[in-house]
Amino acid sequence: MKISLDWLQEYIDIDLPVSRLVEVFDNIGLLIEDWKEEDGDVILDVETYANRPDTLGHLGIARELATALGLTLKEQRFPLAETSKNISDLIDVQIWDEDLCPRYCGMVVENIAIGPSPEWLMKRIEAMGLNPINNVVDVTNYVLFATAQPIHAFDLDKIAGRKIIVRRAKQGEKMQSLEAKDVDLTSEMLVIADEEKPVALAGVIGGENTAVSDSTQSVFIESAHFDPVSVRKTSKATGIQTDAAYRFERGADVSFPPEAARMAASLFSQFSGKVCRGIVDVYPKSRKIKTVMLRDHRVTSLLGIEIDSGFIEKTLADLGFQLENKQPGIWQVKIPHFRIDIEREADLIEEIARFYGYEKIPIQLPPLRSLEPILDPKKEKIKTLRQLLFHYGFDEVVNFSFMDPEKQEKFTHDLNPIPIRNPISTKAAFLRTTLIGGLLENVAWNTNRGAEGVDIFEIGNIFQFDNDSYNEHLMLSMVMTGSTGERHWKEKGREAGFFHLKGTCEALLAQLRYGSFFFKEENHPHFQDGRSLALHFKGEEIGWLGAIDQKILGAYLLKHEVWAAEINLSFLFEKQTQAFQYSAVAKYPSVSRDVSFIGAKNVSFEEIRVVLEKLQLPYLEKFTLYDRFAGSSIPQGEVSLSFRFIFRRPDRTLQADEVDVFQQKIIDTLRASFNFRLREGGKIDK
Amino acid sequence: MENLKIEIQNKRKSFEDALAKVKDRHSLQDIRNEYLSRQRGIITGIFEQLKHVKPEERPEIGNLINDFKNHVQERVLALQEKFAAPKKVLEKVDLTLPGEKKYWGAPHPIPLFQQEIENIFLRMGFSIADGPEIETDYYNFGALNFPPHHPARDDWDTLYITDDVLLRTHTSPVQIRVMEKKKPPIRIINPGKVYRKEAPDPTHLPMFFQVEGLVVDLGITFAHLKGTLEYFLKALFHEKIKIRFRPSFFPFTEPSAEVDIECTVCGGKSEDCRVCGGGGWIEILGSGMVDPQVLKNVNIDPEKYSGFAFGLGVDRTAMFAYQIPDMRYFYENDLRFIRQFSLK
Ligand SMILES: [Zn+2]
């Protein structure tokens, strides 16, 4: 809201440098966003609040400033040049919808010499950033910016039947606004109508058909009070935003319309206007003054400091409240109508604090009563996860939760995406059902900017409509492509690959002590056929990893192989973790045997693992695959697999001949199950 | 016996002659072997002959031979030192080559900064609570004292899914959910993503992170609000930072305060400071005493309990803390940007 310092002087005598004034405003919560000197005046840009419509005019701002500076508001006088005519003979006002229009006042001024405004008025209008139009229009604007009460001037002679009817519009009715725009009206909208037609959109804008023109002689001043919600809805529905609507929708002062009308009439008197006697004031249900109880001890207990009751009384009185001291330390406070924001004791305490000065309230740490903490194991687990992923060389990213529906389509999924009704753009119209889309976006961004490799992860929610409810799942996704890491002279850079990703998944599940997971070869629409694994945990599918499908890569204009994994952390974190357990360090040495086999390529490691596990060799501590190769020395379709088997007895040292027996059992079993044979020189005793 | 004496004499001489020709440790080694080899050496040969000497003469000849042997040993040793192989020089290794670098992933600056904020409050005995990002109108607005159809909602421009379901515009709904379940004392922070209908520009985004906090207990005052937030800001920035509490308006707090910190970029001295716009202050936190109606909405007696709430934008604050000029950088996820934070 623009405030002219010169204009404020109509209400109070301010004698302060602007910099000091800005500080005073800041201290009472009226932030000065900017100010500039203009034409010997100072224009302040004051930040106002939705609940303080009283500060949307110079009078309200002056009242705040007067309270802060200990000044008194000057009294306003509105002398009228009157005729002998009575207003009741000139116009008939009826309110047909008292809810939407609780009060309607009007005055009539005849014989106005329409013309340019006097210089002082033009200056005021220009200070508000508007162009002066004519003395009548300028006066209506002047009253609005002075008092925050919007008023409207009709050409009295254009009001058919000299009747003002405040009613809801009829469905299908139309009105041409002052902006020369055809407005389609609905029965939700309140209009000011004459006998025949709507002449104004109540509280929003006047109609062209009754507008004041150069030929206007008599003016009907409307100064009314409209329901804020109704004005807001009408303004939104029609897309017409005006200074009047801005004030009505925040809540005007229901007690003020007569004074605003008189103020306008008084100004019209200055332009040879003659004011007809009396005022129309239709106010069927007079609003009661609200009262709020204010207790001294509550001020102290809320602010943490005792404030002198003299200060309390003076501040509130300066702001327009009426205080009645019911008993020591308790006041009955009458709330003026212009303070629609004050409803409770706390609101009054805020007023006291604002003018007392926040900086004078002491700084104390709250008493830290010990209390039961809200435990969030999820948070701890995420912390562990992130550390581990950093360790594995993944950089963290955060993407918006939105998704382009066109790209969403490529992720054929059994998840129902949730559309946003008013998205910021059509490309962000869905909530994401996967994090992979965003990560691929990041891969494209970075590879287009010269990154040789990208290993990234994101932890965040996906969204899905299911069973008539909106569900959120916390996901972890990782993608990798190319080779990352600065290449060191001593070692090769690491190529992105499925097994790095798989190793990372295994490590993080192990680190979080979710031991009993397994991977299963399964196809999934996000991944290339035969290039994906499902991650199972106790009978539930909790994740996937694999090579991203070509058509998805195409949608992100990616040409190189991208590996991705996605794990549903919401599912995972619900599972029971294994307790950590210490186990004794082995006392007796182990015996290890390296054995190399040649066998068919299509036998999977998992199959071998299952067979070996079924064997249940008592002292086989563990076995690892340490080499795997195929090539010229190995027959077509076969592969060489080298295992290291480690045997150990807890109670004594194993003898070589005992181990021989176990080893032979392994060899026999693999031969029987898969037709594996020992590779030449492949059996090395150790 | 005389013959042997002469032989020793001769050998001694030829030893001296040979020794005079020695140029390096290899020829010295040869001479040493020639004379001192245990199996075939000349001295061993002479000792062999001792058995042919009469027993009574043996000590004398024996002494002579030993004497010769000692002489040879001494001379060889002396020359060995002279011709000693130069000290073995280690192969030259270029120790100025760069050390191995472990490739360590970098955290995204927002979760990183959020964790810094969380840690400060955890030290003050706060718990962390979170809640859904998809919320109902009631939790996001109604319970927080936003009147329906009120322009106050315009500041919280909302992304809607249906009339009643929306993306939370702040994390305050979590506070309502906590207060519904838990009686005071309550001391929580609520970090998380929030959403606004804002087209991305350098200072606005449709999604960003917030940390909000709530304290409800017996006897909580505005002075406690000031104390808590001042402690927090000093811990987050630095001990000496200037802080200003300024009246403001939020529907869910009464009295409300905006908390500004001094602009550390220009110190309030630059008219056209990019960060503070010349005002010298940066808005960091919104805060206030919890509105009695909000407490009533969750069945907490505002006559008995009071509390304060606060909130800050993680992105906005991180922008200021790291001097990042454009908020959109956070969501471009350019690794050249993100990897810098591996050092944080
Ligand atoms: Zn600055």
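This is a predicted model: local features need pLDDT of at least 70, side-chain atom pairs count only at pLDDT 80 or more; totals for chains, interfaces and linings use all residues.

Visitor: Which residues touch the most other members of the largest nonpolar core?
Guide: That core has 171 residues. One of the residues in question, A:Leu44, touches A:Met1, A:Val18, A:Phe25 and A:Trp35, among others, not counting residues up to four places away in sequence. Apart from this core lies another of 39 residues, A:Ile95 and A:Met189 among them. In the largest core, the residues that touch the most other members are A:Leu44, A:Phe268, A:Leu294 and B:Phe232.

Visitor: What volume does the largest cavity have?
Guide: The structure holds one cavity of 30 Å³ or more. A lining of 15 residues surrounds the largest cavity, with A:Tyr49, A:Arg52, A:Arg354, B:Ser248 and B:Phe249 nearest its centre. Its volume is about 130 Å³.

Visitor: Now the aromatic rings. Are B:Phe308 and B:Phe310 stacked, edge-to-face or tilted?
Guide: A search over all chains finds 44 aromatic pairs. In this one, the ring centres are 6.3 Å apart and the planes stand at 35°. Both residues are buried. Stacked needs planes under 30 degrees apart and edge-to-face over 60, so at 35° the pair of B:Phe308 and B:Phe310 is tilted.

Visitor: Which residues touch A:Leu612, leaving aside its neighbours within four places in sequence?
Guide: A:Leu612 sits in helix α18 of chain A, residues 605-615, and is buried at 4% relative accessible area. Ring pairs link A:Phe623 and A:Phe645 into a cluster that also includes A:Phe597 and A:Phe643. The contacts of A:Leu612 are A:Phe623, A:Phe645, A:Ile666 and A:Leu670.

Visitor: How is the peptide bond from B:Pro184 to B:Pro185 set?
Guide: B:Pro185 is in the loop between α7 (172-181) and β4 (186-195) of chain B. Another bond to look at joins B:Glu254 and B:Pro255; this one is cis, with omega about -5°, and B:Pro255 is in strand β7 of chain B. For B:Pro184 to B:Pro185, omega is near 0°, and the bond is cis.

Visitor: Is A:Asp468 buried or exposed?
Guide: A:Asp468 lies in the loop between β23 (453-466) and β24 (469-484) of chain A. Although not a glycine, A:Asp468 has a positive phi of about 60°. Exposed means over 50%, so at 71% relative accessibility A:Asp468 counts as exposed.

Visitor: And what relative accessible area does B:Asn299 have?
Guide: B:Asn299 is in the loop between α9 (292-297) and β9 (305-313) of chain B. B:Asn299 is not a glycine either, yet has a positive phi of about 60°. B:Asn299 is exposed, and its relative accessible area is 68%.

Notes: Residues are numbered from 1 along each chain as its sequence is written. Chains are lettered from A and ligands numbered from 1 in the order in which they are written. Side-chain values use heavy atoms; hydrogens and water are left out. On a 1 Å grid over the protein atoms alone, a cavity is a set of points where a 1.4 Å probe fits but cannot get out, and a pocket is an open set with protein on both sides within 12 Å along at least five of seven lines; lining residues have an atom within 4 Å of a point. Grid points are joined across faces, edges and corners, and a volume is the space filled by probe spheres set on the points. A nonpolar core is a set of buried Ala, Val, Leu, Ile, Met, Phe, Trp, Tyr and Cys residues joined through side-chain atoms within 4.5 Å. Buried means under 20% relative accessible area, exposed over 50%, partly exposed in between (1.4 Å probe, protein chains only). Contact means heavy atoms within 4.5 Å. Rings of Phe, Tyr and Trp (its six-membered ring) pair if their centres lie within 6.5 Å; planes under 30 degrees apart count as stacked, over 60 as edge-to-face and the rest as tilted. Helices (H or I, at least four residues) and strands (E, at least two) are DSSP runs, numbered from the N terminus.
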